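The structure comes first, and the description follows.

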Amino acid sequence: MLNEVLPAVANTYYCSAGSGRQHAGAVLSEPNFLRVDCLGCDRSSGCGGFLKGVLLRLKQSAADQQLFAAAITPVPSDSSAGAMADGIQDFMRRLPRDRLNFLLIDQAESFYLMARPVSDKCPPRGSTLDVDAVLHMRRILKELLLHSPHWVAWAVTGSSSMATLWANVADTPTNGWPLSMHHRRLNLSPTVSTDVLQVAWKQLKAQAANWDPPLPNDLVWRSPPQIATLAYLCQEWRYSRTASTAAELVDQTMTQKLIPE
């Protein structure tokens with residue numbers, strides 16, 4: 001969803017003719033997509049170490065797309081969380097200002113899963129949640145989100161622990177205004193048009209080009225008109241042992257499965 005469907009839908013929107021694609025009389029440029037998988041960031045090195053990992057991955061993604069001004073963002077020598085947060089802010093300010101830049105943050109719940117050793121003994125007996133670091137991260141991430149420039153948009157996803165993300169967002173210190181109420185409102189319909197669904201379907205079929213058996217062609221119109229549901233049905237088709245047709249798959253999935261968040 002984050003790496004394939006969102007870029008496909010966004011590019012279709014920005015590159016299509018028609019109303020809603022212009023701002024102040026100018027045609028909007030195709031957006032950039034910078035990807036970070038937070039699973040690779042070290043949660044046991046404190047907030048500063050974790051944010052350094054995020055910054056390094058942002059820089060690498062920018063370099064891959066030849067966004068050189070952002071790619072050469074200096075990494076602060078001070079490894080504190082505040083310094084690394086300033087480095088990420090510097091990175092965002094260096095991104096192109098003539099288009100929207102999506103920060104695609106996968107496994108975003110990791111921001112609130114800071115770890116520390118259970119004891120100081122050697123060897124350590126595993127790790128546990130570092131509550132103090134989590135409380136600090138709430139303030140750091142709130143500042144990053146609220147002070148992001150208008151040409152940057154955050155898109156987050158994760159595993160079944162996404163509830164951890166939303167719970168911590170809800171519990172972030174308000175300082176007069178809660179983070180959950182400070183974003184610009186974006187109304188998203190639970191359903192999409194056939195054209196938009198077809199864009200997602202094209203991307204999903206490309207990902208599944210080597211699957212055996214291949215995705216059935218009628219899955220796209222048998223699916224409810226929701227991109228997330230269609231993507232989930234594709235995964236179900238790959239691993240299903242009971243459905244031999246798209247009709248059977250959709251019927252079984254919609255009546256027997258609890259679709260994950």
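The model is predicted: local features need pLDDT of at least 70, side-chain atom pairs count only at pLDDT 80 or more, and totals for chains, interfaces and linings use all residues. Residues are numbered from 1 along each chain as its sequence is written, and side-chain values use heavy atoms, with hydrogens and water left out.

Of the 261 residues in the protein, 39% are buried (under 20% relative accessible area; exposed is over 50%, partly exposed in between; 1.4 Å probe, protein chains only). The protein has 10 helices and seven strands, taken as DSSP runs numbered from the N terminus (helices H or I, at least four residues; strands E, at least two). Contact means heavy atoms within 4.5 Å. Among contacts in the protein with a separation of 6 or more, 63% are between residues 24 or more positions apart.

**Helix packing**

The axes of helix H2 (residues 46-64) and H5 come within 9 Å and cross at roughly 40°. Axes are lines fitted to C-alpha atoms, for helices over the stretch in contact, and angles run from 0 to 180 degrees between N-to-C directions. H2 and H5 are therefore oblique to each other (under 35 degrees is roughly parallel, over 145 roughly antiparallel, 65 to 115 roughly perpendicular, and the rest oblique). Cys47, Phe50 and Leu51 of H2 make the contact with Ala133, His136, Met137, Ile140 and Leu144 of H5.

**Salt bridges**

A salt bridge is a side-chain nitrogen of Lys or Arg within 4 Å of a carboxyl oxygen of Asp or Glu. By this rule there are four salt bridges, including those in the table.

| Pair | Closest N to O |
|---|---|
| Arg94 and Asp90 | 3.2 Å |
| Arg138 and Asp171 | 3.0 Å |

Arg138, in helix H5 (residues 131-146), and Asp171, in the loop between helix H6 (162-170) and helix H7 (194-207), are 33 residues apart and link distant parts of the chain. Arg138 counts as buried because its relative accessibility is 13%, whereas Asp171 is partly exposed at 46%.

Arg94 and Asp90 both lie in helix H4 (residues 81-94), four residues apart, about one turn of the helix. Arg94 is partly exposed at 29% relative accessibility, and Asp90 is partly exposed at 22%.
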